[in-house]
Amino acid sequence: MSTSPENEAGAHPGQRSIRSYTLRAGRITVAQRRALDELWPRFGLAFTPQPLDLYQVFGRAAPCVMEIGFGDGELLTAMAAADPATDFLGVEVHEPGVGHALLLAERLGLGNLRFIRHDAVEVLGQQLPDASLAGLNLFFPDPWPKKRHHKRRIVQPDFLRLVARKLAPGGIFHVATDWAPYAGHIEAVVAGEPAFMQPPVPPALRPRTRFERRGERLGHDVWERAWRRSTRPAG
Ligand SMILES: C[S@@+](CC[C@H](N)C(=O)[O-])C[C@H]1O[C@@H](n2cnc3c(N)ncnc32)[C@H](O)[C@@H]1O
């Protein structure tokens with residue numbers, strides 16, 4: 001199940017034309033490269049268009065929380081370390097970020113965390129069984145501030161319908177952004193998806209992320225919400 005992450009992200013051009021990311025040619029350190037080569041078999045899962053057996057992946061039946069776009073993985077690995085009774089699945093396309101997160105996972109000796117290096121929309125749509133997630137975390141998604149790029153924002157009605165389908169009844173969609181116009185867009189899209197109950201619930205406390213700290217240095221306020229998926233079956 002765990003093959004090399006090489007060429008994973010973006011390896012399926014043409015399947016979806018509008019993506020929520022651009023593959024940056026980020027600088028990768030020697031340690032991150034080593035992590036991608038040596039730690040991937042332990043922590044990595046290849047993208048496959050068949051539904052994953054989460055029991056087989058983690059070797060137990062436990063609630064599973066997925067984080068989309070975990071960046072350098074500082075928050076994701078801290079959450080996994082703080083909550084050993086829950087399994088975590090991190091999905092990210094940025095190679096140096098995945099390398100960094102692998103190093104942290106090794107340092108913390110995490111048995112409850114796996115990574116997938118691929119477009120999270122395809123992972124959700126094709127690799128995650130329906131009603132399999134206790135939570136879906138989306139922290140500081142790319143805001144795509146220019147109007148002509150708004151269609152690249154990951155939060156869209158289709159995405160929200162997909163999230164609702166993959167969350168178990170009562171599961172939590174937790175989202176944060178420091179871009180006020182994106183916050184308004186997310187509120188409106190969630191309000192249009194009846195699978196999410198209103199009003200929102202208090203978001204779980206979490207450590208701050210790298211992007212969040214950067215936004216704070218720029219004077220941005222952080223907007224954060226958590227919505228519970230209703231217990232009615234997904235439509
Ligand atoms: C603005 S950064 C935030 C990173 C991190 N959550 C933080 O707060 O520091 C957004 C991240 O989402 C990732 N991303 C965007 N769209 C994605 C997708 N469809 N699948 C996987 N990762 C994605 C990007 O590569 C990027 O690392």
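**Ligand site and backbone**

Modeller: A nitrogen atom of the ligand lies 2.8 Å from a polar backbone atom of Ala-120, a polar contact being a pair of N or O atoms within 3.5 Å; within protein, one must be able to donate a hydrogen and the other to accept it, and residues adjacent in sequence count only if both atoms are side-chain atoms. This is a predicted model, in which local features need pLDDT of at least 70, side-chain atom pairs count only at pLDDT 80 or more, and totals for chains, interfaces and linings use all residues. Residues are numbered from 1 along each chain as its sequence is written, and side-chain values use heavy atoms, with hydrogens and water left out.

Biologist: How many charged residues are in the shell around the ligand?

Modeller: The ligand is surrounded by 20 residues, each with a heavy atom within 4 Å of it. Nine are nonpolar and six polar. The charged ones (Asp, Glu, Lys and Arg) number five.

Biologist: Which residue does a cis peptide bond join to Gln-198?

Modeller: The residue sits in the loop between helix H8 (180–191) and helix H9 (210–217). Omega of the bond is about 0°. The partner of Gln-198 is Pro-199.

Biologist: Is Phe-140 buried or exposed?

Modeller: Phe-140 is in the loop between strand E5 (133–139) and helix H7 (157–166), and its phi is near 60°, a positive value in a residue other than glycine. Its relative accessible area is 8%. Because buried means under 20%, exposed over 50% and partly exposed in between (1.4 Å probe, protein chains only), Phe-140 is buried.

Biologist: What is the relative accessible area of Trp-144?

Modeller: Trp-144 is also placed in the loop between E5 and H7. Its phi is positive, about 40°, although it is not a glycine. Trp-144 is buried, with a value of 13%.

Terms used:
Helix = DSSP H or I, 4+ residues; strand = E, 2+ residues; numbered from the N terminus.
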